[in-house]
Amino acid sequence: MTETLPHQVGPPGEARRPAEDRRHMIRRRTLTLLTIVLLIGIPAGYLMISADQSRSSGREKEMKYSATGLSAAWPSKVQRRIFQVPIPHPAGKVAYYETNNWKTSRLYAQFETTGAGLDAFLAGVGVDRSDLERGSITISDRDQDVSGWRFTGPGAWWGLTHPQKNPAPTQDIVVNLANPSLPMVYVVSRTVP
């Protein structure tokens with residue numbers, strides 16, 4: 001036989017809480033909803049925005065690195081510094097392409113500049129105009145195929161190779177001086193990582 005326990009009543013001096021009125025209930029529920037939105041909704045929204053930005057960044061990088069051939073843009077400052085290709089200001093028709101593998105990294109760059117810009121570029125590389133040899137095409141057939149350049153047409157072609165000890169890059173430079181006031185410069189700078 002089981003005995004039933006008597007129902008316990010609170011202490012005699014303790015007052016009972018009044019029932020919650022409608023206004024207080026609505027206020028409490030509103031605060032609860034606001035708390036849920038702040039604790040769950042804002043972080044979830046942040047994660048969605050962050051994921052979208054990450055996806056967009058990945059697409060941009062994929063497009064950049066899947067490019068084959070020259071892209072009509074300036075190489076980044078870091079690329080210009082690493083490959084020691086100081087493109088002068090002013091410069092037009094600027095384009096570049098970078099290739100990397102475990103053995104050699106190359107930066108292909110082209111630009112049109114002024115006579116003073118050519119002198120500034122050559123000085124930045126560490127050579128001067130007297131180092132250029134008339135009719136010398138120093139950029140290899142392989143590099144011409146990769147870049148899409150052809151040095152067979154009419155033009156006053158001048159070139160030089162500026163070898164440097166690793167890890168400094170070696171530059172092959174070809175300049176078209178058919179228009180001496182606006183020379184076109186082609187550079188292949190390669191370095192061994």
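Start at Tyr 186. Tyr 186 is buried, with a relative accessible area of 13%. Buried means under 20% relative accessible area, exposed over 50%, and partly exposed in between, with a 1.4 Å probe and protein chains only.

A word on the source. This is a predicted model, where local features need pLDDT of at least 70, side-chain atom pairs count only at pLDDT 80 or more, and totals for chains, interfaces and linings use all residues. Residues are numbered from 1 along each chain as its sequence is written, and side-chain values use heavy atoms, with hydrogens and water left out.

Now the rings. The structure holds eight aromatic pairs. Rings of Phe, Tyr and Trp (its six-membered ring) pair if their centres lie within 6.5 Å; planes under 30 degrees apart count as stacked, over 60 as edge-to-face, the rest as tilted. One of the pairs is Trp 149 with Tyr 186, edge-to-face, at 5.2 Å centre to centre and 70° between the planes. Trp 149 sits in the loop between helix 4 and strand 4 (157-162), and Tyr 186 in strand 6 (residues 184-191), so this pair ties together parts that are 37 residues apart in sequence. Helices (H or I, at least four residues) and strands (E, at least two) are DSSP runs, numbered from the N terminus.

Which ring makes an edge-to-face pair with Tyr 186 at 5.1 Å centre to centre? Phe 151 does, with 75° between the planes. Phe 151 is in the loop between helix 4 and strand 4, so its pair with Tyr 186 in strand 6 ties together parts that are 35 residues apart in sequence. Phe 151 is buried, with a relative accessible area of 7%. Trp 149 is buried too. Step back: ring pairs link Tyr 97, Tyr 108, Trp 149, Phe 151, Trp 157 and Tyr 186 into a cluster.

Next, Ser 136. Find it in the loop between strand 3 (133-134) and helix 4 (141-147). Ser 136 counts as buried, at 17% relative accessibility. Leaving aside neighbours within four places in sequence, Ser 136 is in contact (heavy atoms within 4.5 Å) with Trp 157, Trp 158, Gly 159 and Val 174.

On to the strands. Strand 1 (residues 91-100) and strand 2 (residues 105-113) pair antiparallel over eight bridges. Pairing requires at least two DSSP bridges. A hairpin of four residues joins strand 1 to strand 2. Gly 92 stands opposite Glu 112 in strand 2.

Last stop: Ile 42, in helix 1 (residues 22-66). Buried or exposed? Ile 42 is exposed, with a relative accessible area of 52%.
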